[in-house]
Amino acid sequence: MTTLTTVESVRWGIIGVGDVTERKSGPGFQQAERSELVAVMRRNGDLAADYARRHNVPRWYDDADELINDPAVDAVYVATPPDSHRDYVVRVAQAGKPVYVEKPMARTALECEDMISACEAAGVGLFVAYYRRAMPRFATVKELLDSGRIGQLRSVSIRNERPGQVGEADHGGWRVEPEISGGGHFVDLGSHILDLLDWLLGPVTHAAGIATNRGGRYPAEDLVTGVFSFRSGVEGVGVWNYDSFRDQDQVEIIGTAGALRFACFAEEPLRLLTVRGVEQIEAPYPKIVQLPLIQTVVNSLTGNGESPSDGHSAVRTARVIDGLLSDYRNSHGINYSPAKPSQAGPA
């Protein structure tokens, strides 16, 4: 992807300093090499000022355009709900600045494509916060797969389950409002799994499935099943059930000489299964989960490497999600054109 002329360091601004920026991402811009966080924005100025004070950020804004056009800001991280991603990314690109946007990249692949086009037209970089691509835990998974320890890869199965959370006030807030998030917990969590598998196994070449809402607790789908073919020749099946009796988080990749099981969201050890038995491999999360990926983005912008997660890789996951949810969206009158301004919290 085309990026700005490389610079020695990157001064970041954040649009939307909500919960995800407190520990998962925000401190990463301060701790990455050749990187600093110089400005934050939230529509509630008091909350923006509070974030800036607590995180030692020099400037804060309650207007996104003021941050975008701040000459001391080199690049912008968009951490708002997905319904505003396209709008903010286009505005940042038009200002001639690279952008790092939260996942999912947008509500639909069409919105993602608009973002890619805007950044390419402006000649700026577009990166997406699918941070598992850079985490040491999943680098270990990739190394094990590439090493041939489980032979030639044949299939993958995904099972992601959570209870319906009866009695929770909003069962997930804006994350289960399709007009804001693009879907429900499947879009929020399933996108991480699908993007990780795109990195581990290659792009999905065919996907089909069914999405339904069985619990009736919110407008979004709560049960999705899918089958997938990957360019590598691996075939896959997946179940995402958010009205279950249990918590389950397991991906299993099976080869001709063994299998590798791992959790996508928990830190439990990886499990390598062969005829010799079961080997458990410790693979913890970093303290700041986005820091490894943020470092790759900074590396790319400063001419010191490349990032594994950009607009072109992320739009592939959006296309898979669109395919699995299209019937559900159509039958429930969920329409994303024209886009509506976000009413869902931070910015």
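1. Helix 6 (residues 136–146) lies across strand 7 (153–163), strand 11, strand 12, strand 13 (270–274) and strand 14, at about 170° to strand 12. Contact means heavy atoms within 4.5 Å. Helices (H or I, at least four residues) and strands (E, at least two) are DSSP runs numbered from the N terminus. Angles run from 0 to 180 degrees between N-to-C directions, with axes fitted to C-alpha atoms, for helices over the stretch in contact.

2. This is a predicted model, in which local features need pLDDT of at least 70 and side-chain atom pairs count only at pLDDT 80 or more, while totals for chains, interfaces and linings use all residues. Residues are numbered from 1 along each chain as its sequence is written, and side-chain values use heavy atoms, with hydrogens and water left out.

3. The eight strands of an open sheet follow the order 8-9-10-7-11-12-13-14, with mixed pairing. Strand 8 (204–212) and strand 14 (277–281) are the edge strands, each pairing on one side only. Pairing requires at least two DSSP bridges between two strands. Neighbouring strands are turned by 15° against each other on average, direction ignored.

4. Strand 11 (residues 248–255) pairs with strand 12 (residues 259–262) in the antiparallel sense, over four bridges. Arginine 261 in strand 12 is the bridge partner of glutamate 252.

5. Helix 10 (residues 311–331) lies across strand 8 and strand 9 (223–230), running at about 30° to strand 8. Helix 10 also packs with helix 8 (residues 185–201) at an angle of about 125°, their axes 9 Å apart.
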